[in-house]
Amino acid sequence: MSTNYQDIKISGEQAEDICLDLYGLAGAAVPLPGELDFNFKIKVKRKHYLLKVSRPGANPEYLGFQQDILQHVLESDRKIISPVPLPDLQGKFISEIRDASGNIRKVRLLSWIKGRLWSGVNPVSNNLLFSLGEEAGKLTAALKGFKHPLARRGFEWDVARAEWTGEYEHLFNGEKLEILQYFREQFSSLQKPYGKLRKGVVHNDANDNNVVVTDDLKDPRVRAIIDYGDAIHTQIINDLAITIAYAVMGFPDPLSAAFHVVKGYHSQFPLQEKEVALLHVLVAMRLAISVTKSAINRQKEPDNEYLLISDTPAWELLKIWRAISNDFAHCTFRFACGFSAHPLEKEFKEWATKHPTSLMSLFPSLAKEGIHPLDLSVSESWIGDREEAEDLDLFQYKIQRLQKSVPYDIIAGGYMEPRALYGTTAYERTGNSGKESRTVHLGIDFWVDAGTPVHAIFDGEIVTAVNDAGNKEYGGLIILKHLEDGLVFYTLYGHQSIESIKRWKAGDQIKKGQLLSRIGKPPENGNWAPHLHFQIMLSLFNFADDFPGVTYPGETELWRSICPDPNLLFQQPGLYNLPIRDPSETLAYRKEHLGKSLSLSYEEPLKMVRGDGTYLIDYLGRRFLDTVNNVAHVGHEHPRVVRAGQQQMAVLNTNTRYLHDNINTFARELLGTFPEELSVVHLVNSGSEANELALRMAQTCTGQKDMIAMEVGYHGNTTGCVSISSYKFDGKGGSGAPEHTHVVPLPDQFRGIHRGADSGPLYAAHVQEQIDQIHALERKPAAFICESIISCGGQIELPEKFLELAYASVRSAGGLCIADEVQVGCGRMGQAFWGFQLHGVIPDIVTIGKPVGNGHPLAAVVCTREVADAFANGMEYFNTFGGNPVSCAIGTEVLRVIRDEQLQANALKTGNYLKTELKKIQKEFPLMGDVRGQGLFLGIELTSRKLIPQADKATYLAKRMKDLGILMSIDGPDENVMKIKPPLVFSRSHADLLLESLQRVFREDYMQL
Ligand SMILES: Cc1ncc(COP(=O)(O)O)c(C=O)c1O
């Protein structure tokens, strides 16, 4: 009897013959992975089956055991989807064949479970991880009470027996050997509690080829866990460990991924605290079995690829798993189950409440009575912008001023406060959803003078006294270990003077009341304004010299348990947590009291509270790369622009009825960016107001009412603007073009009625067509209004000659030409400051909005002298706010920043780079039908190969990009164009991050055509 792999291998053709002979099913066989059996998917018309052919010499009792277990699960009330054993033509559930080498082979047929294998699913979302946990938990519950003699067989894949791997450690060396030995020794040392855990028959092999996922590509769930061939009687928790081991491979943060699996499992099969305590090491032991098996089998059966496939990801996971502290993993898993994350949290809280400690015992030299809370949360303006927050002199000055106003209080606060202060990469990591930053503060900061003595509030032992040097680190750091009434906990003192901590070394004993350290000053304290960072920890994990003082927003509640509120000790009124207003509260009020026609981006709206360059920052301090806001033209909250507004606001704000140099300066600098023909400016407050005024100007100058406008064009929200905005009157809630508006087709070279680069004259002919129709009504056109790239139309670049020919037609009919530069102007195009300049034309009127105020409501209408003079027909044009000195100061500064920071050149350089790279990746992703635009005003149109718009995929992409921390917007008549129009400070590294994230999402299942 041969057991050589090649000899015992069953081919697809053989499988098809077996199926026909035994079951009368004529179908096509597709081989599937399998460790022991040879498995095939059999397709018979629309029905599918699973055919399993055993290896020679397979134990019939063992096969019977598998059939029994399937039957048991099918009969359970847990609503589990599981393969159903099917009989052969003779009614037998286990049949026999003789293979080519004369071996007897056992054959079984099972119903097919519809779906896809976990191994092929991308992305694996938290919901999917949770549902895997749920299914695994349900299965554990369903298997309760199942008994079979073979379930108690000795089995190398049984985690309980994992110590056998120790005998094969000679197959490894270096880091791999260290990892295996570390976990095996841990496992051995835990045998006593482990031996006492609940036991039962478990599936024992929820690997990524045994988990079937629904076909829903947007929000898939686990349908079933299949293949009971490895089921075994063992510690129940092993099954969860195995499920985790396979599910979290490939994640940069596998512990966070595992959290969701545990949560799902616990929801169906409640775990015990003592089980959860061992989960971390058990996951590792399953991986140890897997890599050891691979190493052994690689020697035995070098041809069997299946034996090798999980090796590399398993090692990658083991390496990351090794670096995770067992105690921290324990807390995470406890938290997933709804237990207090730290096992001692409750005990500590009870003890601390019974043993209050005066805050003055921490600072006995300070004669203070109370606390003045200082709020440094993300939205707080006290701290100023990033530059101001990092200006230590300024920060210190503000603290001192505040201190003067509250002489008897200590300025303090910050426990669990999300802050935007931690801008260095040291606070950043790549999590499972892109970059994330530690922003939530775990201790209390006491803002007291440098040199202030800090005293021990309990007896303790020094565990850390180091210089944690570096910008925004702790500087002088002390950690004390305390033992009070049998309870161990730690206190941390950060930002101390180096001189004062030098006298301590680990192991030194400290007495309550003893001088511990003195407050440091920058730079020795990590370069902060002087303060004490005081924190309590219930475990040190594996942080010796750099225990985190801030954590990731997603881990806030976990760490709240590990680092309890220090004010539990002080019980000091005023040292409270300032509540962070949750977005749901904000949303509820908005829904109730703000107009319903105001839309919100994203199904789960974002709550942004701070801006910084190309980033928007939410209330928890999460930074989102912003590719949407062309309004924040020179960067969100550009310090120069902010200051220009603040300074003028502090002095005067009036209107244009008084002379003011700011008005002239802004007018002069703005007009300086235009060709000399455009020499008169009117200042207004919004793009809509600018276009409204342009409309009035055109109609007054020509004495006509008829306007020619672009299909899907948008020019503003006023009645007049909506009447020339096809985007609105042809869109939802609209009732078509008003009588005096004439719409020309969108000159879309990619999918429009004329296609290709030379379609400009064809589209321009439609302008003439509309003029002819106006003439046929015995009227004349007042004006033609058009953007230089049609933004709401989906970033449609005007084809060559279109504008030139259209302008010529309009002018020869006596009409004016209006260029709407509200979106595209101020250098965004890269090659030119204004979009119309790309087309070699000079409009009669130009409207400017969004970018020129960088977020401040400022807009303008620039026109020729003839137009301006004709408009001034005696009726005064007064605008209460338009052209006020504050707005003008801001507008001037925006123009100067564009010039000083060479942002137009950046738009050209970075925009060209981004467009070129997008065109490169377009080859890999046919869904990217078209990539177009100029400078930093780009669009990606999502279409099928036959150019059918893919709006759902655009929505999915925008949502997933948001998950990854990147904001993108969608537009176009078919809502299938991704718009890229970031602040002009968008750099090459931002472009790279955008490209990387786009590719990640384009690879996901839902994005495939
Ligand atoms: C091209 C164009 N024109 C005018 C406007 C109106 O500007 P505002 O919203 O400032 O009134 C917009 C606004 O999105 C626009 O995109």
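Predicted model: local features only at pLDDT ≥ 70, side-chain atom pairs only at ≥ 80, totals over all residues.
How many bridges join S7 to strand S9, and which way do the two strands run? Two bridges join them, and S7 and S9, residues 211-213, run antiparallel.

S7 and S9 belong to an open sheet of three strands. The order is S7-S9-S10, and the pairing is antiparallel. S7, residues 116-117, and S10, residues 222-225, are the edge strands, each pairing on one side only. A helix also packs on this sheet: H4, residues 126-143, touches S9 and S10, and its direction makes about 40 degrees with that of S10. If you want a residue pair to look for, arginine 116 stands opposite valine 213 in S9.

Between S7 and H4 there is a loop, and proline 123 lies in it. The peptide bond that joins asparagine 122 and proline 123 is cis, with omega at about 5 degrees.

There is another cis bond to point out. It joins proline 522 and proline 523, and omega is again about 5 degrees. Proline 523 is placed in the loop between strand S23, residues 515-518, and strand S24, residues 532-537.

While we are on backbone geometry, take lysine 472. Its phi is near 65 degrees, which is a positive value in a residue other than glycine. Lysine 472 sits in the loop between strand S19, residues 460-468, and strand S20, residues 475-484.

S38 is joined to S39, residues 937-942, by six bridges, and the two run antiparallel. Within that pair, glycine 933 stands opposite leucine 938 in S39.

Another glycine of S38, which spans residues 928-934, is glycine 929. Which residues does glycine 929 contact, once its neighbours within four places in sequence are left aside? They are Phe750, Gln922, Glu941, Leu942 and Thr943. For a sense of scale, glycine 929 and phenylalanine 458 are 471 residues apart in sequence, and their C-alpha atoms are 68 Å apart in space.

Last, the ligand. Its surroundings include Ser686, Gly687, Ser688 and Asn691, then Tyr714, His715 and Gly716. Also around the ligand are Glu787, Asp820, Val822, Gln823 and Lys850. By class, that shell has two nonpolar, seven polar and three charged residues. Which helix gives the most to the shell? Helix H22, residues 687-702, does, with three residues.

An N or O atom in the side chain of serine 688 is 2.4 Å from a ligand oxygen. With glutamine 823 the ligand atom is an oxygen, and the distance to a side-chain N or O atom is 2.8 Å. As for cover, the ligand on its own has 390 Å² of accessible area, and the protein covers 85% of that.

That is what I have for today.

How values were computed
Residues numbered from 1 in each chain as written. Heavy atoms only, no water. Near = heavy atom within 4 Å. Polar contact = N/O pair within 3.5 Å; in protein donor to acceptor, adjacent residues only side chain to side chain. Areas by Shrake-Rupley, 256 points an atom, 1.4 Å probe, with all protein chains shown as cover. Helix = DSSP H or I, 4+ residues; strand = E, 2+ residues; numbered from the N terminus. Nonpolar A, V, L, I, M, F, W, Y, C, P; charged D, E, K, R; others polar. Pairing = 2+ DSSP bridges. Contact = heavy atoms within 4.5 Å. Axes fitted to C-alpha atoms, helices over the stretch in contact; angles between N-to-C directions.
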